[in-house]
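This report describes the fold, the strand pairing, the nonpolar cores and the salt bridges of one protein. The structure is shown first, and the description follows.

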Amino acid sequence: MKKYAITLIALITYGGLFAQETTQIIPNTTDSRVITTGVPFMLIAPDARSAGMGDMGVATSMDGFSQQYNPAKYVFSEAKSGVSLSYTPYLSKLVNDISIGYVSYFNRLNEYSAVSASFKYFSLGEITLTQSEDDPGTNVKPNEFTADVAYTLRLADQFSMAVAVRYMRSDLRINQVDPNANAANSFNADITGYYQSEEEAYNDFNGRWRAGFAIQNLGPKFKYDDGGRENFQPTNLRLGAGFDFIFDEYSKLGVTAEVSKLLVPTPPRLGTRLTFEDNNGNGIYDEPDTNNPQPNDDVLISEEENVIIEGQDNDVSFLNGVFQSFGDAPGGFSEELREFTWALGAEYTYQDSFALRAGYFNEAEDKGARKFFAIGAGFKYTTINLDLSYLFSASRVQSPLENTLRFSLTFNFGDGEYDEY
């Protein structure tokens, strides 16, 4: 027995002469919790009506700009067809040549179906590239645009659905800077639905319920050159509901709430994995002092960067990314909830000729920190609608549209041809 005890002590002593190989993961301090995508301009509200209610539109009543949010609303139009135009200055406090232009068209084919289309153009202004002080420079105009068409079908008296297909082109990479750069091209699709109830009588007023959903920009990833990084499109889920308080034949108040979420994977929390000989036995890599080396200094064996600490790998296909986006946040369920933005909006209408609007939009601090109030107004004269809106930032992050007056114009043809109420 004494022999075995001596042997065991000898083995322990012998093993202690060799350092233990240890790993340590150091979290990155620059990890961003903000989900980023390519062509984010596709999500910017192009029209003044939706902007005046906090950038919402999936469950508001039908208008000419429904193509942006929910084309399923077009079969509830009282007009036969319409054309809408809008212009939005962007970063107007810094420059005067960055803007978003938008035009849309819809046509009700009959009581149960409609077709629609839109074109959205984002101009980043003119940039002068120079090689030296004496170089007069070359002027370039980066831009992005989308073009889409949609078909809407009424499946019941109060419910409809629509499918839209879209072509996207992003010409932001500059050939003069990168000869291998190309404009990015891709396609995506929207699936939307809209519900609008019949007018119902309550104690002191009549009312109407509204609800809508939209899965937008569902399409493959894209890149600007063969060796470049793949970018997710801004696939987005919108859910909304609202109620119209109909006080009499002249006045009406509509209130609406909307939530949205990017169906794009959350960036994982990353770190650096260190593998080292832990000569001092504290389990932590202590970088040796090269000016004063010691016999028991730790020895670094390998260093692996961008190791996933929490979360999931976001290098997946766009379709896998849609499903993964509901459960991959490193912070768990609470972080998933913070990835939802929400908005509240109200619109008071008098005689269908004048409207006042107000809204609020909110995004979590660690997911972009967009928070703003908005107000707006609308005027209708015969078949023409004019809408205006103004935005007030309520966040430490300044909005590119802060203190910007936006306007939009709609021409309706065959107004009153359909009676929806």
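Two strands are said to pair if DSSP finds at least two bridges between them. In this predicted model, L85 stands opposite L409 of strand β20.

**Strand β20 and its partners**

Strand β20 covers residues 405-413. Strand β2 (residues 81-89) runs antiparallel to β20 and is joined to it by 7 bridges. Strand β19 (residues 384-393) also pairs with β20 in the antiparallel sense, over 7 bridges, and D387 has S408 in β20 as its bridge partner. The covered face of β20 carries R406, S408, T410 and N412, whereas L405, F407, L409, F411 and F413 lie on the uncovered face.

The loop between β19 and β20 contains S399. Beyond its neighbours within four places in sequence, S399 is in contact with L391 and S393. S399 counts as buried because its relative accessible area is 17%, and the cut-off for buried is under 20%.

**Overall composition**

The protein has 5 helices and 20 strands. Of its 421 residues, 45% are buried. Among contacts between residues at least 6 apart in sequence, 62% join residues at least 24 apart. The accessible surface comes to about 21,700 Å², and carbon and sulfur atoms account for 57% of this surface.

**Nonpolar cores**

The largest nonpolar core has 19 residues, of which V39, F41, I44, Y90, F122 and F222 touch the most other members. Leaving aside neighbours within four places in sequence, I44 is in contact with Q68, Y90, I100, K120 and L401. Another core lies apart from the largest one; it has 9 residues, including A72, V75, F76 and A162.

**Salt bridges**

The structure holds 23 salt bridges.

K367 is buried at 6% relative accessibility, and E335 is buried at 1%.

R108 is buried, with a relative accessible area of 0%, while E111 is partly exposed at 40%. R208 is buried at 4%, and E199 is partly exposed at 36%.

A network of salt bridges links R49, D63, E347, R357 and D387. D387 is also the bridge partner of S408 in β20.

Methods. Residues numbered from 1 in each chain as written. Predicted model: local features only at pLDDT ≥ 70, side-chain atom pairs only at ≥ 80, totals over all residues. Heavy atoms only, no water. Core = buried A, V, L, I, M, F, W, Y, C linked by side-chain atoms within 4.5 Å. Buried < 20%, exposed > 50% of the residue type's maximum accessible area, 1.4 Å probe, protein only. Contact = heavy atoms within 4.5 Å. Helix = DSSP H or I, 4+ residues; strand = E, 2+ residues; numbered from the N terminus. Areas by Shrake-Rupley, 256 points an atom, 1.4 Å probe, with all protein chains shown as cover. Salt bridge = Lys/Arg side-chain N within 4 Å of Asp/Glu carboxyl O.
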